[in-house]
Amino acid sequence: MAEYTFREVIAQAMSEEMRKDESIFLMGEEVAEYNGAYKASKGMLDEFGAKRVIDTPIAELGFTGIAVGAAMNGNRPIVEYMTFNFAMVGIDQIINNAAKIRQMSGGQWNCPIVFRGPTASAGQLGATHSQAFESWYANCPGLKVVVPSNPYDAKGLLKTAIQDNDPVIFMESEQMYGDKMEIPEEEYYLPIGKADIKREGTDITLVSFGKIMKLAMQAAEDMEKEGVSVEVIDLRTVRPLDYDTVLESVKKTNRLVILEEAWPFGSVATEITYMVQQKAFDYLDAPIKRITTPDAPAPYSSALFAEWFPKLETVKAEIKKAMYIKA
């Protein structure tokens, strides 16, 4: 085992799959000559050449459409967006073409394509560069949505995503690219649609995904010191969502808190809350608690942003409320 950063394992996953299959190529803004906006494709241009690692113009609608057409004609593109905020320019191609072509063609075409890049906030980047779109894409049939929280998961899930015959939205974070973790030298894959229990517990279930998993794990550690055993589930994939792992945990702990960096209306947390009350209502000993960002755009001010982003103390307070522990 050797230690690698998140950005390094992204490049490893893409490179390993590209060595096996010449139909796989990478395209996006600055992915080639600049080694990627976040250096997540470092060295790939040198190894694979300009025909398979392609710098695009600043025209997401155009190069997303090119990638969809390429996928329909037997290739397996990987599209990198500098941020998923910019993918809004190309979202028509993702939603109306990539996600629907298998059904609308009666199975004559599929669309094996990975759309990847960072999601949600990354500090003081303003409202238009700080949006979490996981629930948007998860709302669309035909797409799979993967949101890893650490380098190990990211590598295994990205390799699986590249081999998938359907379009996969693969969401990262600028604030995770420097995270380090020991990674096996041998090749491995992780299944899409399977959550991971990061920490076993008996008193309450805490569900999260993506970079905010760090907050979930810290809250669980802090609550352990106060005598509360928190089971932490990392969804890893929000479509398909692993309801069974969440339901089994809730049946064990009888309490649920969901932590998500997104607006509350129509969130992933909202979907989980509905499914748990529908299928495990009789196991609940307390109302489900949901922690999200406020229902407002992300502020630029550092002081306001600190109030807008979910806080550790808020997570612990919601856990205590679900446990009927007085603060």
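What we have is a predicted model, in which local features need pLDDT of at least 70 and side-chain atom pairs count only at pLDDT 80 or more, while totals for chains, interfaces and linings use all residues. Residues are numbered from 1 along each chain as its sequence is written, and side-chain values use heavy atoms, with hydrogens and water left out.

The domain assignment, which is an automatic or database one, gives domain 1 (2-183) and domain 2 (196-323), and their centres, taken over C-alpha atoms, are 27 Å apart. Domain 1 brings 31 residues to the contact and domain 2 brings 26 residues, where contact means heavy atoms within 4.5 Å.

Let me turn to the buried area, that is, the accessible area (1.4 Å probe) that two parts lose on being put together, summed over both. Between domain 1 and domain 2 this comes to about 2100 Å², and carbon and sulfur atoms give 56% of it. On the side of domain 1, the residues that lose the most area to domain 2 are Gln124, Val147 and Ser149, which together make up 23% of what that side buries.

How many salt bridges are there between domain 1 and domain 2? The count is three salt bridges, each being a side-chain nitrogen of Lys or Arg within 4 Å of a carboxyl oxygen of Asp or Glu. Elsewhere in my notes I have a salt bridge joining the side chains of Lys214 and Asp179, at 2.7 Å from N to O.
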